[in-house]
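Me: I am new to this structure. Please take a close look at a single part of it and describe what is there.

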Amino acid sequence: MDGQRLKYGLHDSIGFHASYAARLVERRVEEGLRRFALTRVGWCILLAVAEEGLKNPSDIAAFVGIDRTATSRALRALETEGLITRAIGKEDRRMTEVSMTDAGYDRMIQAVPICSENMNHFNAKLSVAERSELKRLLAKLCAGEGGSD
């Protein structure tokens, strides 16, 4: 190099802070979900099916905010555990329909207190106005970036 060093300033990056905060929240919830043999993504998929009534893997992926490949991997794991079933679509045989089993519903319900406590833990660090502003700013950052905005 010519003696000049480029300095990026990692800790000045919005991406660094957003990723770091996301990892902290995810790590904490993953630790709690482990005792139910669930991952955060698996639990979110169970919510998508049970609470949102989503049956199509692409719709589930969009709701959870992950790509279709990650969704397929998580669905396979949940199916192996007996928490969901996948079947060929009744109306369109090219489609896959995801359904929750009784065991999946029970496991999701058991995990709700863990996830609620995690959400409350981080929500308590901010006022109602700060939480609202944070969500608004994060939505603004994500807008138009190809995710589910």
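Reply: The expected span of a helix is 1.5 Å times one less than its number of residues, and helices here are DSSP runs of H or I with at least four residues, numbered from the N terminus. The model is predicted: local features need pLDDT of at least 70 and side-chain atom pairs count only at pLDDT 80 or more, while totals for chains, interfaces and linings use all residues. Residues are numbered from 1 along each chain as its sequence is written, and side-chain values use heavy atoms, with hydrogens and water left out.

Helix H6 covers residues 128-142; its 15 residues should span 21 Å, and the C-alpha atoms at its ends are 21 Å apart, which agrees. After H6 comes Gly-144, with a positive phi near 75°.

A pocket is an open set of points on a 1 Å grid over the protein atoms alone, where a 1.4 Å probe fits, with protein on both sides within 12 Å along at least five of seven lines; lining residues have an atom within 4 Å of a point. Among the 34 lining residues, Ala-22, Val-25, Leu-134, Lys-135 and Leu-138 are closest to the centre. Two or more lining residues come from each of H1, helix H2 (40-50), helix H3 (57-64), helix H5 (102-123) and H6. H1 gives the largest share, eight residues.
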